[in-house]
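This briefing is meant for a reader who is meeting the structure for the first time.

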Amino acid sequence: MAAARGRDAIVKVVRAVEGASCRCPAHSAGFNPASQRRCQTTETTETEYAVEMATSTIRYGMGVTQEVGMDFQNMGAKKVCLMTDKTVGKLPPMQIVLEAMTKAGINYEVFDNVRVEPTNSSFTAAIDFAKKGNFDAFLAVGGGSVMDTCKAANLFSAHPDAELLDFVYPPIGKGLPVTNELKPLIAVPTTSGTGSETTGVAVFDYEPMQAKIGIGLRAIRPTMGLVDPMHCKYMPERVTANSGFDVLCHALESYTAIPFQERRPRPQNPIQRPAYQGSNPISDVWSLHALRIINKYMKRAVRNADDLEARSSMHLASTFAGIGFGNAGVHLCHGMSYPISGLVKKFKSKDYSDDHALVPHGLSVVVSAPAVFQFTAPMCPERHLEAAEILGHDIRNAKREDAGPILADVLRKFVKDLDVDDGLQALGYSTEDIPALVKGTLPQHRVTKLSPRPQTEEDLAGLFEASMTIY
């Protein structure tokens, strides 16, 4: 009954385009890169014509973390800023790193006050530490919170006079370009979710807005990511699940984002081309492969910490999806997740630090996924059906107009099988919070404008309402 109510709540925001043909040239079976046919755009500025693929160097293998000291030695680093959080700092991955650094004779200082789900305040503390240390290289050991914090510390220590919002994407920040060279940064991910070791993105809760905001610049991308499957076994069950949901939504959102050649405006200079460019044939490869891994291994990885094959595969899926969305971008699930995280009241998730209320990022993203993909499906139904098929649904007799309900139901079953909290109500929200949630989503142009379907305030309110319960 709850699932039926959820579906009914978004009928009003999909009815107008239900059954519409796919209007996106990159989202049709016969994709033609030269096509410039318009897709739901009314601006008169020129559309994009190129896509630029960028990612970090990735080294993958069991035990590669032990090479990190030699990497800094090869770079000629004299003083490294090592960032982690209190939990990871006590785990074996950190000990391996410290031994490697000591063995290579690398001087380092540890900052372990990274906040899980960082805020502008915690970013500022890390930036201040980096500015005072006069470091010539950076090392992040942890999940997305650690890697994003380290990226920000590197960026602002290279621009000591910059304000925190100077590099944040408009309309919230100024969106200024990087003018000074950053230091080398090596990332050692210890979770399987954010893919932050591959991307030029750093996200944090901006406390005055009570919503997450982001910096998206290729220059802050890690120099190298050391993806070591040995670290996977230390993730608790809920961390494994929520990290995996982030991978799932990275893959789905990047694959269904507006095609790159429909994005406006075309940059006047290639240096102005954003990191998030819209779906494209290169990102598609990475995102689809990540989905296949998720379907095969995610449930196994969550349910059995000793299943090294499954956990190692999800570790790689995180990186694959990171390469995909790091160049294509994400859209509404992430845009809506930012106020869900920022407006958290008392909710605390099992297996996470209990020193502050928080909605883990992957949970904040996936909770709206059924409603979002039912909303976006009419714009490019083939892609939504393909995603449903990869996730195990038989689409042989499916109709294009049913793409949204089909993928939404596939996602509902997927998250229910992994014991996800039943919607926003379970996270402490009610319908009275919808106006504030909508307000926090509206400025998130960095991601919301990549949705294949434009959305009004009323549309967003309907999506939040439909997400109050999932099942």
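A residue is called buried when its relative accessible area is under 20%, exposed when that value is over 50%, and partly exposed in between. By that cut-off Cys81, with a relative accessible area of 0%, is buried. The model shown is a predicted one, and the points below are grouped by topic.

**Cysteines**

**Nonpolar cores**

- The largest nonpolar core has 68 residues, and those with the most contacts inside it are Phe245, Leu248, Leu291, Ile340, Leu424 and Tyr429.
- Helix H8, which covers residues 281–303, gives the most to this core, with 9 residues.
- Apart from this core lies another one of 21 residues, and Phe72, Val80, Leu98 and Ile186 are among them.
- Ile340, one of the residues with the most contacts inside the largest core, is in contact with Val359, Ser364, Val367, Leu424, Leu427, Tyr429, Leu437 and Phe464, when its neighbours within four places in sequence are left aside.

**The second largest pocket**

- The second largest pocket has a volume of about 930 Å³.
- It is lined by 49 residues, of which Val116, Gly143, Gly144, Ser145 and Thr191 are the closest to its centre.
- The elements that give two or more residues to the lining of this pocket are helix H6 (144–158), strand S6 (201–206), helix H7 (237–256), helix H10 (332–342) and helix H11 (361–366).
- H7 gives the most to the lining, with 5 residues.
- Sorted by class, the lining of this pocket has 19 nonpolar, 20 polar and 10 charged residues.

- Thr319 is found in helix H9, which covers residues 308–328, and it counts as buried because its relative accessibility is 2%.
- Leaving aside neighbours within four places in sequence, Thr319 is in contact with Ile58, Glu197, Thr198 and Val227.
- Gly423 is found in helix H15, residues 423–426, and with a relative accessibility of 0% it counts as buried.
- The C-alpha atoms of Gly423 and Thr469 are separated by 4.1 Å, although these two residues are 46 residues apart along the chain.
- Thr469 is also one of the residues that Gly423 touches, together with Val367, Ser467, Met468 and Ile470, not counting residues up to four places away in sequence.
- Ala436 has its place in helix H16, residues 434–441, and its relative accessibility of 38% makes it count as partly exposed.
- From C-alpha to C-alpha, Ala436 and Phe156 are 31 Å apart in space, and in sequence they are 280 residues apart.

**Backbone features in the loops**

- Most peptide bonds are trans, and most residues other than glycine have a negative phi, which is why departures from either pattern are pointed out here.
- The peptide bond from Pro170 to Pro171 is cis, with omega near 10 degrees, and Pro171 has its place in the loop between H6 and strand S5 (185–189).
- Another cis peptide bond joins Arg264 and Pro265, where omega is about -5 degrees, and Pro265 lies in the loop between H7 and H8.
- Asp351 has a positive phi of about 75 degrees although it is not a glycine, and this residue is found in the loop between H10 and H11.
- With a relative accessibility of 33%, Asp351 counts as partly exposed.
- Asp419, also a residue other than glycine, has a positive phi, near 60 degrees, and it lies in the loop between helix H14 (403–417) and H15.
- At 59% relative accessibility, Asp419 is over the 50% cut-off and therefore counts as exposed.

Note on methods:
Residues are numbered from 1 along each chain as its sequence is written. This is a predicted model: local features need pLDDT of at least 70, side-chain atom pairs count only at pLDDT 80 or more; totals for chains, interfaces and linings use all residues. Side-chain values use heavy atoms; hydrogens and water are left out. A nonpolar core is a set of buried Ala, Val, Leu, Ile, Met, Phe, Trp, Tyr and Cys residues joined through side-chain atoms within 4.5 Å. Buried means under 20% relative accessible area, exposed over 50%, partly exposed in between (1.4 Å probe, protein chains only). Helices (H or I, at least four residues) and strands (E, at least two) are DSSP runs, numbered from the N terminus. Contact means heavy atoms within 4.5 Å. On a 1 Å grid over the protein atoms alone, a cavity is a set of points where a 1.4 Å probe fits but cannot get out, and a pocket is an open set with protein on both sides within 12 Å along at least five of seven lines; lining residues have an atom within 4 Å of a point. Grid points are joined across faces, edges and corners, and a volume is the space filled by probe spheres set on the points. Ala, Val, Leu, Ile, Met, Phe, Trp, Tyr, Cys and Pro count as nonpolar, Asp, Glu, Lys and Arg as charged, and the others, Gly among them, as polar.
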